[in-house]
Amino acid sequence: MASSFSAWLRSPAARQYFFSTHFWGPVANWGLPLAAIADLKKDEEVISGTMTTALACYSTVFSWFAWRVTPRNYLLMACHMTNASAQLVQGGRFVNYHYMGGKDKRIETK
């Protein structure tokens, strides 16, 4: 397995892949899920429900697109699935804080 991967890395196909938008587009796009994961530590009061919903929908649609495009872009799909998951967690935190009593509980403890 390692030798076949190493042989592929030295091949023209690997160079073609690593110098294409099929690779660099998803790599550049990883800023979105990394920022979303970093935001999981922030206070629930600063979460925008509208933006979180929009980003979750955007990443869900583009996950599907990455699966449907030929050849399949697994790197792009992983990026958007990670972002959609992080945005759904943020959405849950938003709903809990604003609509399920999280804000009231925080006020009571202060």
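Helix H3 (residues 21-29) packs against H6 at an angle of about 15 degrees, the two axes lying 8 Å apart. Axes here are lines fitted to C-alpha atoms, for helices over the stretch in contact, and angles run from 0 to 180 degrees between N-to-C directions. Helices are DSSP runs (H or I, at least four residues), numbered from the N terminus. The model is a predicted one, in which local features need pLDDT of at least 70 and side-chain atom pairs count only at pLDDT 80 or more, whereas totals for chains, interfaces and linings use all residues. Residues are numbered from 1 along each chain as its sequence is written, and side-chain values use heavy atoms, with hydrogens and water left out.

H3 and H6 are therefore roughly parallel to each other; angles under 35 degrees count as roughly parallel, over 145 as roughly antiparallel, 65 to 115 as roughly perpendicular and the rest as oblique. H3 passes H6 in a left-handed crossing, a term for a near helix turned anticlockwise from the far one by less than a right angle. In this contact (heavy atoms within 4.5 Å), Phe 23, Pro 26, Val 27 and Asn 29 of H3 meet Leu 75, Leu 76, Cys 79 and His 80 of H6. The contact of H3 with H6 has six nonpolar, two polar and no charged residues. Ala, Val, Leu, Ile, Met, Phe, Trp, Tyr, Cys and Pro count as nonpolar, Asp, Glu, Lys and Arg as charged, and the others, Gly among them, as polar.

| Helix pair | Axis angle | Axis separation |
|---|---|---|
| H4 (residues 31-39) and H6 (residues 74-99) | about 25 degrees | 8 Å apart |
| H5 and H6 | roughly 155 degrees | within 8 Å |

The angle in the H4 pair makes H4 roughly parallel to H6, and the crossing of H4 and H6 is left-handed. Leu 32, Pro 33, Ala 36, Ile 37 and Asp 39 of H4 make the contact with H6 residues that include Cys 79, Thr 82 and Arg 93.

Among the contact residues are Tyr 58, Phe 62 and Trp 67 of H5 and Met 77, Met 81 and Phe 94 of H6. This contact comprises 14 nonpolar, ten polar and no charged residues. In the loop between H5 and H6 lies Pro 71, and the peptide bond from Thr 70 to Pro 71 is cis, with omega near -5 degrees.

The largest pocket has a volume of about 210 Å³. A pocket is, on a 1 Å grid over the protein atoms alone, an open set of points where a 1.4 Å probe fits, with protein on both sides within 12 Å along at least five of seven lines; lining residues have an atom within 4 Å of a point. The volume is the space filled by probe spheres set on the points, which are joined across faces, edges and corners. Of the 15 lining residues, Asp 39, Thr 52, Leu 55, Gln 87 and Gln 90 are the closest to the centre of the largest pocket. H4, H5 (49-68) and H6 are the elements that give two or more residues to this lining, and the largest share, four residues, comes from H4.
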